[in-house]
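Let's look at how labels get attached to parts of a protein model.

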Amino acid sequence: MESKNNEDEEIKVKVTIQYCPGCGYAAKFNIAKVLLEDRFPDQLDIIGKKDADKTENFEISVNGTLVHSKKTKNQGFLTVDNAEAEQTVCQAIIDARK
């Protein structure tokens with residue numbers, strides 16, 4: 001018989017935010033990180049991945065699947081003012097938790 005603690009433990013969803021610090025996107029990373037932590041408290045493992053070169057990337061992957069990209073999908077930044085981006089990323093997290 002498994003202990004109740006093992007049953008109650010939840011696996012955190014891995015969220016990787018890859019961004020271009022040379023483009024000034026570190027602040028955008030922090031905004032996105034706080035937004036997601038507020039929406040999903042203690043449910044995410046958020047990793048910031050800085051690009052080495054000036055790439056203009058701002059991409060978000062959920063459990064290894066790219067779900068948001070400023071550069072290749074023209075989705076802008078993940079902020080409270082970008083409802084479409086917020087909905088897309090949050091839905092991917094919800095789906096990953098199922």
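Q: How many aromatic pairs does a search of the whole structure find?
A: In this predicted model, the search finds 3 aromatic pairs.

Q: Why is the pair of Tyr 19 and Phe 29 called stacked?
A: Good one to start with! Their ring planes meet at 15 degrees, and planes under 30 degrees apart count as stacked. The ring centres are 4.9 Å apart, and pairing asks for centres within 6.5 Å.

Q: What makes this pair a tie between parts of the chain?
A: Tyr 19 belongs to strand E1 and Phe 29 to helix H2, so the pair joins parts 10 residues apart in sequence.

Q: How do you know whether Tyr 19 and Phe 29 are buried or exposed?
A: Buried means under 20% relative accessible area. Tyr 19 has 4%, so Tyr 19 is buried. Phe 29 has 9%, so Phe 29 is buried too.

Q: Why is the pair of Tyr 25 and Phe 77 called edge-to-face?
A: Here the planes lie at 80 degrees, and over 60 counts as edge-to-face. The centres of these rings are 4.9 Å apart.

Q: Where do Tyr 25 and Phe 77 lie?
A: Tyr 25 is in the loop between E1 and H2, while Phe 77 is in the loop between E4 and H3, so the pair ties together parts 52 residues apart in sequence.

Q: How do you know whether Phe 77 is buried or exposed?
A: The relative accessibility of Phe 77 is 19%. The cut-off for buried is under 20%, so Phe 77 counts as buried.

Definitions and conventions:
Residues are numbered from 1 along each chain as its sequence is written. This is a predicted model: local features need pLDDT of at least 70, side-chain atom pairs count only at pLDDT 80 or more; totals for chains, interfaces and linings use all residues. Side-chain values use heavy atoms; hydrogens and water are left out. Rings of Phe, Tyr and Trp (its six-membered ring) pair if their centres lie within 6.5 Å; planes under 30 degrees apart count as stacked, over 60 as edge-to-face and the rest as tilted. Helices (H or I, at least four residues) and strands (E, at least two) are DSSP runs, numbered from the N terminus. Buried means under 20% relative accessible area, exposed over 50%, partly exposed in between (1.4 Å probe, protein chains only).
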